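Good morning, and thank you for joining this meeting. I shall present one structure, and I ask you to keep the sequence and the three-dimensional view before you as I speak.

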Amino acid sequence: MRPSSLEVLDLTLPVVADPELETLIETRVGQLVRQLSSTSSSTGGSRGELDVRFYEKRRRKASGLGGWLTGTGKSDDEVCWEVWKLKITLTNPRTETERVTLLRAEGPSLHKTAMSIVKIVNRDKDHIPPITTSETNPFPYEILLNPRAEYEGKTLGLFL
């Protein structure tokens, strides 16, 4: 993976050039847009959420005579240590003027959100597990569409 950048609404954002990650993001965003488009009203927008969950692999202790009899042996558990909750609103501008107005408003909003992310990520680091692998991505992750609240209160969340 190599760092890169992306221009969005007159804002340059850092990105990691990883085709697998890009495909996952495009898939989840496409699913969310389709879901919200099917439920949105003609007078306004619909809201949804994407969660990005980061996991740490922890070695599970062997059970039952070292796992020899049970065949379980040692394996890894994935423990969620951070959740980013991305609140999404899909809008339906009725006119070109309304569309341009919405786009103008989104630029400063995106900038403010990006700066909030940078501030929070740089400030809150104590909960991040140590990197114990030389893999390109040491922390497994998943992107969930409109997830249930099963992890509420158990992890550090970034609400955007």
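Let me begin with a question: what joins the side chains of aspartate 51 and arginine 53? The answer is a polar contact of 3.3 Å between these two side chains. Before I continue, please note that this is a predicted model.

I shall stay with aspartate 51 for a moment. This residue is found in strand β3. Is aspartate 51 buried or exposed? Its relative accessibility is 0%, and residues under 20% are classed as buried, so aspartate 51 counts as buried. Leaving aside residues up to four places away in sequence, aspartate 51 touches Val83, Trp84, Lys85, Glu142, Ile143, Leu144 and Pro147. With lysine 85, one of these neighbours, the side chain of aspartate 51 makes a polar contact of 3.0 Å.

That brings us to the charged pairs. As a general point, side chains of opposite charge can pair when their charged atoms come close. In this model the count of salt bridges comes to 8. One of them is formed by glutamate 49 and lysine 85, whose closest N and O atoms are 3.3 Å apart. Because glutamate 49 lies in strand β3 and lysine 85 in strand β4, this pair ties together parts of the chain that are 36 residues apart in sequence. Both glutamate 49 and lysine 85 are buried.

Lysine 85 also forms a salt bridge with aspartate 51, and here the closest N and O atoms are 3.0 Å apart. Again the partners sit in strands β4 and β3, so parts that are 34 residues apart in sequence are tied together. Lysine 85 has a relative accessibility of 8% and therefore counts as buried.

Which residues are linked in a network of salt bridges? They are Glu49, Asp51, Arg53, Lys85 and Lys87.

For another setting, consider the salt bridge between aspartate 124 and arginine 123, with its closest N and O atoms 3.0 Å apart. Aspartate 124 is partly exposed, at a relative accessible area of 24%, whereas arginine 123 is exposed, at 53%.

The largest nonpolar core has 9 residues in all: Leu32, Leu36, Leu50, Val52, Phe54, Trp81, Leu90, Phe139 and Ile143. Which elements give two or more residues to this core? They are α1, at residues 19-39, β3, at 46-60, and β4, at 75-90. Strand β3 supplies the largest share, with 3 residues.

Returning to the model, valine 52 is listed in the core. Not counting residues up to four places away in sequence, valine 52 touches Glu82, Val83, Trp84, Leu86, Glu142 and Ile143.

The aromatic residues deserve a separate word. The count of aromatic pairs comes to 3. In one of them, phenylalanine 54 and tryptophan 81 are tilted, at 5.9 Å centre to centre and with 40° between the planes. This pair links distant parts of the chain, with phenylalanine 54 in strand β3 and tryptophan 81 in strand β4, 27 residues apart. Phenylalanine 54 is buried, at a relative accessible area of 17%, and tryptophan 81 is buried as well, at 13%.

Tryptophan 81 also pairs with phenylalanine 139, in an edge-to-face arrangement with 5.0 Å centre to centre and 65° between the planes. Phenylalanine 139 belongs to the loop between α2 (96-123) and β5 (141-145), while tryptophan 81 is in strand β4, so the pair ties together parts 58 residues apart in sequence. At 12% relative accessibility, phenylalanine 139 is counted as buried. One aromatic cluster is formed by Phe54, Trp81, Trp84 and Phe139.

Finally, let us look at the start of the chain. How many bridges join strand β1 to strand β2? There are 7, between residues 2-8 and residues 11-17, and the two strands run antiparallel. Proline 3 stands opposite valine 16 in β2. The hairpin of β1 and β2 has 2 residues between the strands, and leucine 9 takes a positive phi near 50° there.

Thank you for your attention.

Methods:
Residues numbered from 1 in each chain as written. Predicted model: local features only at pLDDT ≥ 70, side-chain atom pairs only at ≥ 80, totals over all residues. Heavy atoms only, no water. Core = buried A, V, L, I, M, F, W, Y, C linked by side-chain atoms within 4.5 Å. Buried < 20%, exposed > 50% of the residue type's maximum accessible area, 1.4 Å probe, protein only. Helix = DSSP H or I, 4+ residues; strand = E, 2+ residues; numbered from the N terminus. Contact = heavy atoms within 4.5 Å. Polar contact = N/O pair within 3.5 Å; in protein donor to acceptor, adjacent residues only side chain to side chain. Phe/Tyr/Trp six-rings, centres within 6.5 Å; stacked < 30°, edge-to-face > 60°. Pairing = 2+ DSSP bridges. Salt bridge = Lys/Arg side-chain N within 4 Å of Asp/Glu carboxyl O.
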